[in-house]
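Trainee: Could you walk me through this model before I start working with it? I'd like to go one chain at a time.

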Amino acid sequence: MTTVEDAHALVEAPSRGPRLLERPRATTGPWSWVTTVDHKKIAIMYGSLATVFLLVGGIEALFIRLQLARPNGTVLTAARYNEFFTMHGTTMVFLMGMPIAAAFGNYLVPLMVGARDVAFPRLNMLGFWIFAFGGLFLYSSFALGGAPDGGWFGYAPLTSTPLAAGYLPGRGADFWAVGIIMLGIGSVATAVNFLVTIINMRAPGMTMMRLPVFVWMMLVVAFLTLFAMPPVTAAMIMIFMDRNFHTNFFNAAAGGDPLVYQNLFWIFGHPEVYILILPGMGIVSEILPVFSRKPLFGYAIVVMSGIAIGFLGWVVWAHHMFASGIGPVAVSAFGLSTMLIAVPTGVKIFNWLGTVWGGAVRLATPMLFALGFIAQFTLGGLSGVMHAIVPSDTQQTDTYFVVAHFHYVLFGGLMFAVFGGFYYWWPKFFGYALSERLGKLNFWLMVIGFNLTFFPMHFLGFEGQPRRTYTYPKGMGWDGLNLLSTIGAFLIAASVLVYLVNIFYSAKREGRQPVSADPWDARTLEWMTSSPPPEYNFPEVPIVTHRDELWHRKYTEDDEGRLVKLPAGGAVEVADRKDIEPGSIHMPSPSYWPLIFAVALPIIGYGFVFKNWWLLALGVVIGFFGLSGWAIEPSTEPDMHPHAEGAH
Amino acid sequence: MAQAVVPAHSSGLAHAEPGHDTNTGVSNPKLAIWLFLSSEALFFGAFITTYFLYRGRDTQFLKGPKPEQLLNIPFTSVTSFILLMSSLTMVLALAAIQRGDERQLRIWLLATALFGLTFISGQVYEFTEFYRHGLTLSVNMFGTTFFVLTGLHGAHVTMGIVWLLMLWGRSAQGRLPQAKSEAVEIAGLYWHFVDVVWIFIFTAIYLIPQH
């Protein structure tokens, strides 16, 4: 005990000089959330805001589907349609897909590795607020001179030609470029945090090959983010410079080359696909063993496949450019590498099937979503391999076939995993379970709606319907399938509505019982502490001796290999113990500084977009103020014990 | 007692003493700065690659001054040398704080910042000279790539200078004791990285013949 106090005295004492701002002290109410550095609260904020953006992006999609339901649609103007499909894609990738993974990662990674928080709690807070302000910044463009309308991959020279030339009227492309740079800064900060946490802060005995697969996948994702964000940031800077300062990066008339943009973007863009899907694969790899009552089949192979996908993800980017004339050698090479990446993906699918095979399967809602993931992701993977065959790809490029393909991967895959994750970890996050009946309704509506929406798009693509075209004439043979697709989209909307109802219904349900630490009879460390966990996660940091540690504390095998439950209390510890003295476990204290630094970024962003150098200077000053306050503030206030007053 | 196991892990948070209780033995902040710099390497990599892709590609347009008419290799060699010497003073600053000599630390921090500032002044002079001779961002591809690549590097050096001066200020207030030498080490890693990037940029733009 004395050693702790001594260590803190030694490290903290010199920093207790003058302060620029008093330390925030709120432990309840909205202000405690705004200034929190607790990874679990930050995760809930990530998840909530990402869900809001899921609804916003979903509503944009509904408008797109309404517009296309009948030929010669008039729901949206062409200009508004461009804004909606651009913002739908940008929202779902940057404001929903990545933050939702950050939500699960933030909540679960420290718990799963047996740590009390992430390595840099304030950097974590910064990552969230950059996401929040970056999202608001992007959406403020609707009110401030036009939303982005050049597609989510914003090809040059469309997006890079100076405003005066009138290719893309309005400030949309500027908001888009600056917004993505801003979100990229936040993503890199979050990635560094996950990497250091996973590499450096595992509990004793938690070796790399004992890590839950979800943690492994977040590790790969963090590396991908770390290396994928810089090229796209460079591309965005070039777009912005071309558009506003008349550089010639993508101006072919002066010797520039739009293909350079495509290369820079897809060097980011393809790893980004794996940044989005790998967390989903991780979630499914956690759910399947629990609901099959079997360990994950071929753990090491699943992990290695994830790493292989991480590496191969860097050598396939040009398959997005087969139709842009990059030459036969490049096309063949990238076609081959694209076929190759299907191998580790296929291996994983077989591992998941092997996990379920012969297991005592419980078809609870999380399991249903996980199984839906496997089926639909496989379909998306198969249409993906079709794109590796170059002649076939050139036929499919920019048709609805491509739209069908990536929605099967990202919606049929990622979103199903995410919803499975919601139902699986909800008791851990909030201390109450979601209703199974509504959950199953949610699942079946979503399966039917999803396949009704996107399966017909394969055929529409083959029949030549181009994507990103705001309307089509009668008599193309597309009418029926488009209508079907629109009906499906509204079924998806209904399923999301059921999910939202479920949240409130289950929270208010008559006579609901508080859930135990381990309601699913699960396998990993997060289920060893109370639901929801206390601020310090574990009263005593667990000593890990096995992969699936919790399982091994509960069960053993008899001579014939049958599962035998260990005597009650088999070393499952629960955190709400009364012998923990309030304040005896030092946790990082809340802070204002990351928030102040994050506020500076959109101000700098507006300064650039409107070329208002005063605004820019103001932003820089605020940012500098935030950083300098941050630098001299100790992470933990020695005389403060916020969790003592019961933050939870 | 719960506290019995606390030291090993609760102090695995960011304020941990360097390296003592992490799985790898490398302290969290140091691991973080290495990861961040690896990300930065790809950022500069993208711009350097773009520079090479466009080098000499716009000869048919024959607009604006050519690089060989502008580049003053002796002058930039001198400022580059000064920037590289600042890495030496940075090492001396770290050595000073590691042996607890705070006065020497401040001297070498200031010297490093000053060398950096000299380099930036040279860059400002170079930019104005080039501009006077008609090289703008838009006149040709050399203007586009040169100004953006070296400008972004200059911005990184400038941030490094601000970082060094903040450390100097902390030390002057007596808030940068020997125990916190890692703060200097981390700033140093950033500073050396920016210097190494300049070696690549200098080679690419100034030393490799244009045609």
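Trainee: What percentage of the residues in chain B is buried?

Mentor: Buried residues, meaning those with 20 or more other C-beta atoms (placed from the backbone) within 10 Å of their own, make up 37% of the 211 residues in chain B. Keep in mind that this is a predicted model, in which local features need pLDDT of at least 70, side-chain atom pairs count only at pLDDT 80 or more, and totals for chains, interfaces and linings use all residues. Residues are numbered from 1 along each chain as its sequence is written, while chains are lettered from A and ligands numbered from 1 in the order in which they are written.

Trainee: How many helices and strands does chain B have?

Mentor: Chain B has seven helices and zero strands, where helices are DSSP runs of H or I with at least four residues, strands are E runs of at least two, and both are numbered from the N terminus.

Trainee: Which way do α4(B) and α7(B) run relative to each other, parallel or antiparallel?

Mentor: The axes of α4(B) (residues 73–98) and α7(B) (residues 181–207) come within 10 Å and cross at roughly 165°, the axes being lines fitted to C-alpha atoms over the stretch in contact, with angles from 0 to 180 degrees between N-to-C directions. These two helices are therefore roughly antiparallel, a label for angles over 145 degrees.

Trainee: And which residues make that contact?

Mentor: Counting C-beta atoms, placed from the backbone, within 7 Å as a contact, α4(B) contributes residues including L83(B), L84(B) and M90(B), and those from α7(B) include W191(B), W198(B) and F202(B).

Trainee: Switching to the core, which residues have the most contacts inside the largest one?

Mentor: Those are V113(A), L195(A), V215(A) and M218(A), in a nonpolar core of 242 residues, that is, a set of buried Ala, Val, Leu, Ile, Met, Phe, Trp, Tyr and Cys residues joined through C-beta atoms within 7 Å. Helix α7 of chain A (residues 213–245) gives the most to this core, with 25 residues.

Trainee: What does V113(A) touch?

Mentor: Leaving out residues up to four places away in sequence, V113(A) touches several residues, among them I198(A), M201(A), L211(A) and V215(A).

Trainee: Last one: what do the buried residues of α15(A) pack against?

Mentor: They pack against α3 (39–69), α13 (400–430) and α14 (436–462) of chain A, and the buried residues of α15(A) include G488(A), I492(A) and Y499(A).

Terms used: Buried ≥ 20, exposed ≤ 12 C-beta atoms within 10 Å, placed from the backbone. Contact = placed C-beta atoms within 7 Å. Parallel < 35°, antiparallel > 145°, perpendicular 65-115°, else oblique.
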